[in-house]
Amino acid sequence: MASVIENAIRGTVTKGIGAVAEFNRKRMPDTDHPFLSGIHKPMPAELTLEDLPVTGTIPPELDGRYLRIGPNPARPEAKGYHWFTGDGMVHGIALQSGKALWYRNRWIRSKRVEAETGTQHAPGPRHGGFDTVNTNVLGIAGRTWALVEAGSYPVELSDELDEQTYNPFDDTLAGSFTAHPHCDPLTGEHHAICYEATVPDEVRHVVLSPDGKVTRELAIPVKHGPSIHDCAITARYALILDLPVTFSMKALIGGHSFPYRWNPEHQARIGLLPRDGGAGDVIWVDCPQAYIFHVANAYDAPDGTVVLDACVYDTMFAEMTGGPSGRSLGLERWTIDPVAKTVARRTIDAKPQEFPRPDERFFGQPYRYAYTMALPTGDFAIGDTRLYRHDLETGGKQTHDFGRGRYPGEFVFVPRSDDAAEGDGWMVGLVIDLPNETTDLVIIDAMDFAAAPVASIRIPHRVPPGFHGNWVANG
């Protein structure tokens with residue numbers, strides 16, 4: 001267990017500790033970094049490209065913007081670098097009337113980006129002096145937001161990405177936010193589980209109203225400073241994934257920019273928080289010593305249990321590789337009994353995979369289809385050419401293979417219409433053509449998943465792999 005002294009230090013990360021960390025970072029070897037070279041080599045400039053070439057036919061129902069964000073250091077520096085901490089860059093492609101109107105990429109205008117590029121930093125309040133935002137971008141209440149966990153306030157973006165403002169949801173958010181809020185399609189609320197490195201003994205359940213204002217910011221006691229990347233909801237509960245990746249003072253002092261490591265002394269557990277309950281109402285259920293970045297979905301079963309589908313790893317960040325480091329166990333279903341306080345674990349598909357997405361209109365409810373991105377065998381990496389579509393009713397799986405040298409990132413499901421049946425729509429995402437150093441925005445018919453794409457929009461450069469993207473419809 002962590003000592004009393006270590007816990008005290010964690011709660012007050014002083015300037016002195018920061019100076020020691022910077023000193024040790026400068027002493028690290030300056031070698032090629034796997035997340036700064038090859039497929040991950042950052043883009044050196046912002047671009048605006050219009051009238052992009054299209055192969056196939058863009059469905060006219062797709063009227064809006066596909067947005068994707070990820071790390072893109074303005075001044076790449078290998079010493080102490082971690083993929084999760086690079087300066088944020090958002091990429092956007094606007095579609096309308098069957099045409100690809102434009103592509104834009106813009107750095108999130110943090111003070112560090114200003115120092116490296118000379119571009120004026122975005123206005124708005126900072127939270128705790130931390131303003132790197134690089135993990136998710138999505139629409140909330142008719143506005144576009146770039147998000148990160150454990151630190152900065154969100155950044156509100158204009159439709160064309162040039163206007164940016166750090167904005168704590170119109171001054172209704174007190175603490176940090178998350179990269180993964182989830183919308184309940186039945187209520188219009190967004191739910192989030194948030195944490196901060198400087199507050200290791202609590203996480204917070206944050207709720208946004210349908211108009212994008214914070215209505216709840218509940219503190220929940222925890223130990224060791226867990227890193228909680230994602231969450232889930234059901235009709236009854238918000239799910240807290242308190243898993244064995246926790247704050248590491250050793251990593252921080254050693255000069256590593258991402259100070260979280262696998263901690264086998266931290267008991268993995270899932271908290272079932274009644275959505276309107278207090279911290280004392282959380283039902284904590286011990287679960288396997290494993291790690292989850294991303295949830296496909298969760299829902300209440302008729303027998304009172306809670307079903308959670310997620311991509312699972314045996315460990316995570318047990319080694320300092322500059323990025324994720326853990327063996328994928330595939331897509332699993334965990335059935336959580338809040339009375340017996342047990343977890344029954346079943347493998348849906350043992351193939352390595354990540355970035356699970358459902359039809360978001362069914363989030364928090366029973367559902368049929370989950371879509372994932374294949375991973376190479378071994379640690380988390382961008383380097384497989386396939387997407388999967390899981391039919392959770394029949395147990396079937398379909399595969400879309402983009403072919404040699406073509407590597408997809410996360411794909412998002414876009415329904416054909418608001419009232420279309422589950423799964424009736426398109427999968428949309430970016431595919432890197434590494435041999436040609438180009439990228440395509442690809443549109444797949446989700447009901448004809450293995451078939452050739454219905455449309456592909458060519459971007460004449462490589463967009464480095466990032467984290468999360470979403471479709472933001474016009475109007």
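This is a predicted model: local features need pLDDT of at least 70, side-chain atom pairs count only at pLDDT 80 or more; totals for chains, interfaces and linings use all residues.

Residues are numbered from 1 along each chain as its sequence is written, and side-chain values use heavy atoms, with hydrogens and water left out.

Across the whole structure, a search finds 33 salt bridges (a side-chain nitrogen of Lys or Arg within 4 Å of a carboxyl oxygen of Asp or Glu).

Select Glu116 and Arg75 first. Their side chains form a salt bridge with an N to O distance of 3.1 Å. Glu116 sits in helix α3 (residues 111-117) and Arg75 in the loop between β3 (64-71) and β4 (88-96), so the pair links distant parts of the chain, 41 residues apart (helices, H or I of at least four residues, and strands, E of at least two, are DSSP runs numbered from the N terminus). Glu116 is partly exposed at 34% relative accessible area, and Arg75 is partly exposed at 49% (buried is under 20%, exposed over 50%, partly exposed in between, with a 1.4 Å probe and protein chains only).

Next, select Lys213 and Asp170, whose side chains meet in a salt bridge at 3.2 Å, N to O. Lys213 is in the loop between β12 (199-208) and β13 (214-221), and Asp170 in the loop between β9 (164-166) and β10 (182-183), so the bridge ties together parts 43 residues apart in sequence.

Finish at Arg357 and Glu360, a salt bridge of 3.1 Å, N to O. Arg357 is buried at 9% relative accessibility, whereas Glu360 is partly exposed at 29%.
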